[in-house]
2 protein chains.
Amino acid sequence: MAPRKKDDILNAALRLLAEKGYEGLTIEGVAERSGVNKTTIYRWWPSKAALLGTALVEARALDFDVPDTGSLRGDLHALLDGLARLLTTPPAADIAVAALGAAANSPELAEAARGFFADRFARERPIFERARERGEIGDSADPMTIMDLLAGAVWLRVVFRQVPLDDGFTERAVNAVVDGVGRPGDPKAGRPARTGG
Amino acid sequence: MAPRKKDDILNAALRLLAEKGYEGLTIEGVAERSGVNKTTIYRWWPSKAALLGTALVEARALDFDVPDTGSLRGDLHALLDGLARLLTTPPAADIAVAALGAAANSPELAEAARGFFADRFARERPIFERARERGEIGDSADPMTIMDLLAGAVWLRVVFRQVPLDDGFTERAVNAVVDGVGRPGDPKAGRPARTGG
């Protein structure tokens, strides 16, 4: 399939998902919106869940750049700012919220959501490899936990808590995870002695 | 209304939400399931969104204890373990995921979700007040950002990423936020000098 045609199909699927929800999304609707024949779409994707699985990973609307600023703090800040923008700027915001909100309630779509997050995490990994090479994090720091904390914070605040992201939010979140919120001098909350990293 | 009767109504609403989704939930269904007359329910709650707003905040199925272990680290760990249990143990898990997944796509239900998170945060606040009194965190640490990070991490992993929570997850997440993942000796990633807390 020509890349241009594929893009049209994936974008149509995501737009319709945002407009009509998962229940309202049909391959017929995607065919009509994208101008591509229904049987062509079915030949590539046997179901709307399969189509969304590809769309969530490959569509340009949800694409993101992996920053390389020279420091862990800078990379995480840029990454989180990008996610905050994605989750608050139409049409990507409506698409992401509709798709992933629906995924929570649909085992079919959950597979697509898993693919989306696995793909993003694979692309984020080099940030942590570079940080390790620079000696910014120890071997015991777990990249997926760090991404769960940071991306989870943006999701929770924007989508669930529905409190606006003030200017300092992504910076506060990154600093909390990089520096820790406990006071180093405190025996209970402070940074414990580390061995090997 | 008698507390017992109210509890029956709220629980019926949440169970039906988990079973049928927001679209499938009706006041008629709640009346049938709870054995309370439909007109009685309508007298207290004019819509299913209003009923769910009360149910998310007051139902015992989603209740949680605010820990007081004597340290910030202990309190956050206990709190996060409780949330992890809630989001992975039926029926609360199905209810929470159905309600908050649906909230992402429904402006009506979003109000209920906002109420749910605002209520929880109000109850979590004393954890941070006690930590401040003990000198475990400085005045500049922002409690809502800390809760966004920690609760967001559990939500992201359980609901979106759909990776099982291994035994060490909540501990890793709490330690990352309390201690920080950056190495203190590093000029770029380390803890910056603090002024006034």
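**Figure 1. Contribution of α5(B) to the lining of the second largest pocket in the predicted model.** With seven residues, α5(B) gives the most to this lining. Three further helices, α8 (143–161) of chain A and both α7 (107–133) and α8 (143–161) of chain B, each supply at least two residues, as does α5 (72–88) of chain B itself.

**Figure 2. Centre and composition of the second largest pocket.** The volume of the second largest pocket is about 420 Å³. Its lining consists of 23 residues, and those closest to the centre are B:Phe64, B:Leu79, B:Gly82, B:Leu83 and B:Arg120. By residue class, the lining of the second largest pocket comprises 15 nonpolar, two polar and six charged residues.

**Figure 3. Helices and domains of chain A.** Chain A contains nine helices and zero strands, giving the pattern α-α-α-α-α-α-α-α-α along the sequence. Along the principal axes, the C-alpha atoms of chain A fill a box of roughly 65 × 35 × 30 Å. The domain assignment divides chain A into domain 1 (3–58) and domain 2 (64–179). A separation of 26 Å lies between the C-alpha centres of domain 1 and domain 2 of chain A.

**Figure 4. Interface between domain 1 and domain 2 of chain A.** In chain A, ten residues of domain 1 are in contact with 14 residues of domain 2. The two domains of chain A bury about 1,100 Å² between them, and 80% of this area is on carbon and sulfur atoms. On the side of domain 1 of chain A, A:Tyr22, A:Leu56 and A:Val57 supply 49% of the area buried against domain 2, more than any other three residues. The number of salt bridges between domain 1 and domain 2 of chain A is zero.

**Figure 5. Interface between chain A and chain B.** Contacts link 60 residues of chain A with 60 residues of chain B. About 5,300 Å² is buried between chain A and chain B, with carbon and sulfur atoms giving 58% of that area. A:Phe160, A:Arg161 and A:Val181 supply 15% of the area that chain A buries against chain B, which is more than any other three residues.

**Figure 6. Salt bridge between A:Asp142 and B:Arg172.** Six salt bridges are counted between chain A and chain B. In the view shown, the side chain of A:Asp142 meets that of B:Arg172 in a salt bridge, with an N to O distance of 3.5 Å.

Conventions: Residues numbered from 1 in each chain as written. Chains lettered and ligands numbered in written order. Predicted model: local features only at pLDDT ≥ 70, side-chain atom pairs only at ≥ 80, totals over all residues. Heavy atoms only, no water. 1 Å grid on protein atoms, 1.4 Å probe; cavity = no way out; pocket = protein on both sides within 12 Å on 5 of 7 lines; lining within 4 Å. Points joined across faces, edges and corners; volume = space filled by probe spheres on them. Helix = DSSP H or I, 4+ residues; strand = E, 2+ residues; numbered from the N terminus. Nonpolar A, V, L, I, M, F, W, Y, C, P; charged D, E, K, R; others polar. Domains from an automatic or database assignment. Contact = heavy atoms within 4.5 Å. Buried area = accessible area lost by both parts, 1.4 Å probe. Salt bridge = Lys/Arg side-chain N within 4 Å of Asp/Glu carboxyl O.
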